[in-house]
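Open the model in a viewer and keep the selection tool at hand. The stops below follow one another, each with something to select and a note on what is there.

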Amino acid sequence: MTVIRVYDPAMCCETGVCGPVVDPELTRVANALFLLEQKSIDVKRYNLGNEPQAFVDETLIQKLLEEKGVDALPAVIVNGTVVKTGEYPTNKELAEWTGVREDELQPEKKEKDDLTLF
């Protein structure tokens with residue numbers, strides 16, 4: 001089973017998807033990781049602002065932060081190897097790492113309601 005750990009920079013909440021202006025990249029990542037979890041992929045995210053101990057406990061991240069500072073975040077570890085730093089993984093990368101098809105990481109499009117408002 002693939003194990004993915006995402007170490008986020010300090011954000012306002014667990015996913016960073018809140019506030020008056022939502023970053024579409026954070027929305028995409030949060031959705032893709034959620035869909036992976038639904039497929040029983042072991043995914044965990046850690047927010048530097050809320051869970052600093054997780055960054056201390058993971059020696060790979062600790063070393064990365066010592067060498068590159070917080071600009072290395074977000075950082076992604078897959079099966080014990082740092083695979084990406086400084087930016088979030090694309091859906092294509094997530095698909096390659098997990099064996100899940102890339103199109104399965106897209107949110108389902110809702111059909112428009114035929115509701116007419118007067």
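Two strands count as paired if DSSP finds at least two bridges between them. Helices (H or I, at least four residues) and strands (E, at least two) are DSSP runs, numbered from the N terminus. This is a predicted model, in which local features need pLDDT of at least 70, side-chain atom pairs count only at pLDDT 80 or more, and totals for chains, interfaces and linings use all residues. Residues are numbered from 1 along each chain as its sequence is written, and side-chain values use heavy atoms, with hydrogens and water left out.

**The sheet**

Select the four strands. They form an open sheet with mixed pairing, in the order β2-β1-β3-β4. At the edges are β2 (42–47) and β4 (81–85), each of which pairs on one side only. Direction ignored, neighbouring strands of this sheet are turned by 20° against each other on average. Such angles run from 0 to 180 degrees between N-to-C directions, and axes are lines fitted to C-alpha atoms, for helices over the stretch in contact.

Now select β1 (residues 3–8) with β2. The two run parallel and are joined by six bridges. Val6 has Arg45 in β2 as its bridge partner.

Move to β3 and β4, which run antiparallel and are joined by four bridges. Here Val76 stands opposite Lys84 in β4. The hairpin of these strands has two residues between them. Select Asn79, in the loop between β3 and β4: its phi is positive, about 50°, although Asn79 is not a glycine.

Which strands does helix α3 lie across? Select residues 59–68: α3 lies across β1, β3 (75–78) and β4, and runs at about 150° to β3. At the start of α3, zoom in on Glu58, where a side-chain oxygen reaches to within 3.1 Å of the backbone nitrogen of Leu60. Just after α3 comes Gly69, with a positive phi of about 75°.

Continue into the loop between α3 and β3, where Pro74 lies. The peptide bond from Leu73 to Pro74 is cis, with omega near 0°.

**Helix α1**

Select α1 and the sheet together. Helix α1 packs on the sheet, touching β1 and β2, and its direction makes about 145° with that of β2. Contact here means heavy atoms within 4.5 Å. In the loop between α1 and β2, pick Ser40. Phi of Ser40 is near 65°, a positive value in a residue other than glycine.

**The two helices α1 and α4**

For the last stop, select residues 24–38 (α1) and 91–98 (α4). Their axes come within 11 Å and cross at roughly 20°. That makes α1 roughly parallel to α4, as angles under 35 degrees count as roughly parallel, over 145 as roughly antiparallel, 65 to 115 as roughly perpendicular and the rest as oblique.

Which residues meet in this pair? Show side chains for Arg28, Ala32, Leu33 and Leu36 in α1, which meet Asn91, Leu94 and Thr98 in α4. The residues of this contact divide into four nonpolar, two polar and one charged. In that division Ala, Val, Leu, Ile, Met, Phe, Trp, Tyr, Cys and Pro count as nonpolar, Asp, Glu, Lys and Arg as charged, and the others, Gly among them, as polar.

Notes. A polar contact is a pair of N or O atoms within 3.5 Å; within protein, one must be able to donate a hydrogen and the other to accept it, and residues adjacent in sequence count only if both atoms are side-chain atoms.
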